[in-house]
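Open your viewer and get your selection tool ready. We will go from stop to stop together.

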Amino acid sequence: MAADSAPKVLFELEGVFIHPSSDEDGIEQDLLVSGSLRIVDKDAEIMVEYRPLEDTVDPSNMLCAGKDSSSVMEWDQCSGEKSHQLLETQQSYETEWDMINAVSFKKKTCTNGEGSLNHSHEKSKWAFSFSVGDLRSITVKEEGWTFLLLRLKESHSSLPALHFHQGGSKQFLDCLRRFALLTESTGDETCLLVSTPNKALSQSFENLLDDNNFGLVHQKFRKDPYVTTLGGFSKVTNYIFDAFRGTEEQHQRPPEEVADLLGEVIPGLEINQQEEPGFEVITRIDLGMRPQVTRREPLSAEEWGKHQDREGRMINIPLLKQVIFKGGLCHAVRKEAWKFLLGYFPWDSTLEERKVLQRAKTDEYFRMKLQWKSVSEEQERRNSRLRDYRSLIEKDVNRTDRTNRFYEGIDNPGLVLLHDILMTYCMFDFDLGYVQGMSDLLSPILYVMENEVDAFWCFVSFMDQMHQNFEEQMQGMKTQLIQLSTLLRLLDLAFWNYLEAQDSGYLYFCFRWLLIRFKRELSFQDVLRLWEVMWTGLPCENFHLLVCCAILDSEKQKIMEENYGFNEILKHINELSMKLDIEEILQKAEGISLQIKNCKDLPQSVSVILGLDSELSEPTDCGTPPALRPSQRASQDACSNGLLRQSSSHNGCKVAFIS
């Protein structure tokens with residue numbers, strides 16, 4: 001074998017201390033161990049190393065700098081050039097305190113050889129190194145300086161705390177984030193949970209999904225999940241893949257261990273590999289032939305008028321929805337029809353009642369708009385969240401659908417309306433505020449409405465359905481991916497098994513489809529057609545998941561015949577953007593829904609996902625339940641609209657996969 005290549009140093013910081021406990025045998029009370037902390041790349045494995053310096057330091061040997069500038073200068077001169085460079089790199093509040101509490105050290109004199117030996121023993125005792133992949137969590141504490149508590153996955157005891165008396169903890173964590181996903185623990189904001197991806201897979205995923213409009217920048221998830229999730233969630237995905245595979249020498253992990261790992265990485269997912277009470281095992285089922293279906297022409301303005309009585313009430317609504325589902329709407333009807341489909345206008349309201357509603361909603365809208373319009377620069381300077389929302393909105397508005405004539409050019413009034421509506425939504429739902437990707441959902445609505453107020457309230461209704469896609473915990477996205485995998489496994493077990501063999505069984509390459517409802521996969525006009533069809537609530541709940549299945553069904557032959565691996569599947573799916581035929585997709589998705597409905601032995605979990613269980617779904621006169629706010633959604637016990645209710649206890653919401 002060739003000799004191992006020399007390790008590449010990615011981060012190095014001297015003056016990191018360990019405070020040994022005074023009650024340990026042979027350890028001098030209040031002893032400080034100073035050392036060097038490094039992150040190195042050893043043959044593609046990222047390691048963290050701590051090595052104490054040759055001379056141990058104790059408090060009696062400290063030369064404390066005074067608070068006057070001359071003392072600081074004196075300390076800086078005796079510390080040398082390296083200390084000067086260190087201060088320049090530490091751009092945090094730690095540095096300000098360090099300038100006041102700056103310290104330097106003198107070597108502790110050893111009176112005999114024995115003393116030197118003892119210090120050498122203590123030095124080797126406190127040295128340690130570990131792979132970043134073995135790191136479970138990092139707890140960040142403050143006591144005048146920052147210190148970090150590192151915990152490993154396979155160890156019940158913690159490593160010694162690392163004290164950053166001279167700063168540098170932020171730089172260490174920032175470097176670590178290049179190779180691991182650090183997320184705040186829900187129960188303890190000082191604790192960062194660590195998950196490590198496979199570097200090559202993660203990098204390919206990020207490069208694949210990067211485009212001119214959405215660069216993969218590093219921002220907090222709550223500000224930018226559209227970008228961060230495509231990168232960060234792929235890291236979680238790859239961590240799962242690595243955990244499932246184990247090393248090349250190992251066979252696949254036991255099913256129960258796989259379930260535990262997945263539950264650890266993505267909290268809230270309930271997946272069990274064993275057949276037991278409370279879990280339904282999905283096996284191969286004969287679904288029968290898929291029915292052939294046809295589409296029709298879009299609903300015309302004349303046909304729309306026939307569904308209104310003299311007072312403007314909509315009549316024969318189930319038939320009207322069926323017609324819209326089968327063919328969509330002509331553009332002239334959309335401005336009015338979308339208000340009903342999205343729940344802004346009640347189906348049974350009269351023309352006069354809608355005028356009164358519009359006046360009230362106009363007043364409400366401009367009161368909220370005035371709230372952010374009237375914020376002074378001085379106020380905004382002290383409101384970091386509003387400032388961050390505005391910054392993100394301004395950035396996104398300038399790159400949303402700029403090739404569409406409605407938004408193209410400089411100083412376009414459409415861009416101004418897009419900006420103002422998104423800013424006002426921050427006032428309407430300040431907890432969620434603005435999250436990247438929401439501009440993609442608003443753009444087609446504003447294009448159709450051509451009115452600021454109507455577009456805002458239709459957007460609010462759409463966001464009621466999509467809310468959990470953008471929440472920080474992303475429970476809606478996690479659940480939809482599991483549901484989609486369940487449906488595909490039922491529809492085509494052989495294809496699902498192939499994807500599973502390529503580490504793609506959980507369909508994370510469909511993430512963008514679900515996050516913004518195919519907005520970046522279809523042409524602008526096709527997005528309008530797809531959305532209005534889905535808003536009818538027909539032919540079942542979560543029809544968008546069957547749309548995903550229809551697309552995958554069309555691509556499975558090429559994927560399997562070409563023997564695509566993980567990277568090739570991602571690339572192929574991404575390159576489908578703007579090449580999809582919406583009418584063909586809708587036709588196939590409807591056929592799949594009929595095929596599933598005709599199945600006599602349909603698994604309970606699938607019935608729940610599609611709302612086919614009469615015990616769990618209560619039909620309304622309009623054929624679709626009204627949109628629910630997040631607070632209402634959490635109290636429900638059924639799975640619908642791609643979201644898993646947090647209080648759900650029905651067995652059908654728990655899915656068991658068997659190999």
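Which residues form one aromatic cluster? Select Y365, F366, Y425, F428, F456, W457 and F459 to see them. Rings of Phe, Tyr and Trp (its six-membered ring) pair if their centres lie within 6.5 Å, with planes under 30 degrees apart counted as stacked, over 60 as edge-to-face and the rest as tilted.

Before moving on, note that this is a predicted model, where local features need pLDDT of at least 70 and side-chain atom pairs pLDDT 80 or more, while totals for chains, interfaces and linings use all residues. Residues are numbered from 1 along each chain, and side-chain values use heavy atoms, without hydrogens and water.

Now show helix α15, residues 413-428 (helices are DSSP runs of H or I, at least four residues, numbered from the N terminus). Twelve of its 16 residues are buried, so α15 is largely enclosed by the rest of the structure (buried means under 20% relative accessible area, 1.4 Å probe, protein chains only). These buried residues pack against α12, α14, α16 and α17 (contact means heavy atoms within 4.5 Å).

Finally, pick F325 and F543, an edge-to-face pair with centres 5.5 Å apart and planes at 70°. F325 lies in α10 and F543 in α22, so the pair ties together parts 218 residues apart in sequence. Both F325 and F543 are buried.

Conventions:
Helices (H or I, at least four residues) and strands (E, at least two) are DSSP runs, numbered from the N terminus. Buried means under 20% relative accessible area, exposed over 50%, partly exposed in between (1.4 Å probe, protein chains only). The expected span of a helix is 1.5 Å times one less than its number of residues.
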